[in-house]
Amino acid sequence: MTSQHLSRRQFLKLATATLGGAALTAQASRPAGASSGMDRAAVPAMLIDLSRCVGCGNCQAACIKANDLHPTTKQMRGLNAENFTFIRRVDLEGGKTRWVKRQCMHCLDAACASACPVSALYQTPEGPISYRPSRCLGCRYCMVSCPFDVPRFEWDDGLTPEIRKCMFCIERQREGELPACVASCPSGALKFGRRDALLAEAHARIAANPQHYVNHVYGEHEAGGTAMLYISDTPFSLLGFRTDVTTRPVPAYTWDVMSKLPAIVGSLAVALTGASIITRRRKGHNPEHDVPPWEREAGS
């Protein structure tokens, strides 16, 4: 614009553009599960019975092989770019030992996918959270947003870094195969199926043996619900699970703010336009004079 002053018409055009941009931003921030039409009951899920895990490590080895990973001995001890599944030993009082399988929880409304500005991490139509490395900016917003501290940054390659995590063997699933970890479990600690069916089985196991199991299915409500469901004979707090995770989908908190932006920006634009016109008229200036003659004629 060559003029130092915005005309009323120009101001309204700018306000309209800003309003539209805010609306698009808010829509992009909408929780994935809220708009994808995904059948939340039918998403593929895994039931992990920690009381049955013997700590054999077969699931970890199978995951490494299936994903062509090459972890060092040190990397085998946690989640990282070369190790998507980790079996952690927990020593309890009385000489009792429990083994805890860790991997991506595959939230039904995933904070990592919602936080990714380029949809490098995204929710597949089936439900699992997958990854498109060609889109990744390396911003690591997904790492900050995950309530379970799962995504890992591939630090060794500075030119083409990637975010790495369990993809729930989505390609194997599409071929009709079980996830590699489930297929390799010898003790029955892992079971794969529809989420609703596994939830029913989890509650049935607890009801059938209430003296054995803790009366809680971890992942049923945490972070709005996850595809990884845990039952245990030991309180989850003693096994290192986060017990302060909200039961509301994490992206919903962002949506609460972003959904109000169009109304806020629109109201602000109208208020500022009105204030500008009133102020300038009080000074004896007609804002219509800022409109070129040809625009006044076209608008008349």
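Here is a short chat about how some labels in this predicted model were reached.

User: What makes E2 and E3 a strand pair?

Analyst: DSSP has to find at least two bridges between two strands for them to pair. Strand E2 (residues 86-91) and strand E3 (residues 97-102) are joined by 6 bridges, so they pair, and they run antiparallel. Within that pairing, Arg-88 sits opposite Val-100. The hairpin has 5 residues between the strands, and Gly-94 there has a positive phi near 75 degrees.

User: Why are Phe-168 and Phe-192 called an edge-to-face pair?

Analyst: The structure has 6 aromatic pairs. In the one formed by Phe-168 and Phe-192, the centres are 5.8 Å apart and the planes make 85 degrees. Centres have to lie within 6.5 Å and planes over 60 degrees apart, so this pair gets the edge-to-face label.

User: Which is Phe-168, buried or exposed?

Analyst: Buried: its relative accessibility is 2%, and the cut-off is under 20%. Phe-192, at 24%, lies between the 20% and 50% limits, so it counts as partly exposed.

User: How do you know what kind of pair Tyr-230 and Phe-241 form?

Analyst: Same test: the centres are 4.9 Å apart, against a limit of 6.5 Å, and the planes stand at 75 degrees, which is over 60, so the pair is edge-to-face. Tyr-230 is in strand E9 and Phe-241 in the loop between E9 and helix H9, so the pair ties together parts 11 residues apart in sequence. Tyr-230 has a relative accessible area of 2% and Phe-241 has 13%; buried means under 20%, so each of these residues is buried. Both also belong to one aromatic cluster with Tyr-218 and Phe-236.

User: What sits over the ring of Tyr-122?

Analyst: The charged end of Arg-132, at 3.8 Å from the ring centre. The distance limit for that label is 6 Å, with an angle limit of 35 degrees from the ring normal as well. Arg-140 does likewise over the ring of Phe-153, at 4.6 Å from its centre.

User: What lines the largest cavity?

Analyst: There are 15 lining residues, and Cys-53, Cys-59, Cys-185, Ala-189 and Leu-190 lie nearest the centre. By class, the lining has 11 nonpolar, 3 polar and 1 charged. The cavity holds about 100 Å³ of space.

Conventions:
Residues numbered from 1 in each chain as written. Predicted model: local features only at pLDDT ≥ 70, side-chain atom pairs only at ≥ 80, totals over all residues. Heavy atoms only, no water. Helix = DSSP H or I, 4+ residues; strand = E, 2+ residues; numbered from the N terminus. Phe/Tyr/Trp six-rings, centres within 6.5 Å; stacked < 30°, edge-to-face > 60°. Buried < 20%, exposed > 50% of the residue type's maximum accessible area, 1.4 Å probe, protein only. 1 Å grid on protein atoms, 1.4 Å probe; cavity = no way out; pocket = protein on both sides within 12 Å on 5 of 7 lines; lining within 4 Å. Points joined across faces, edges and corners; volume = space filled by probe spheres on them. Nonpolar A, V, L, I, M, F, W, Y, C, P; charged D, E, K, R; others polar.
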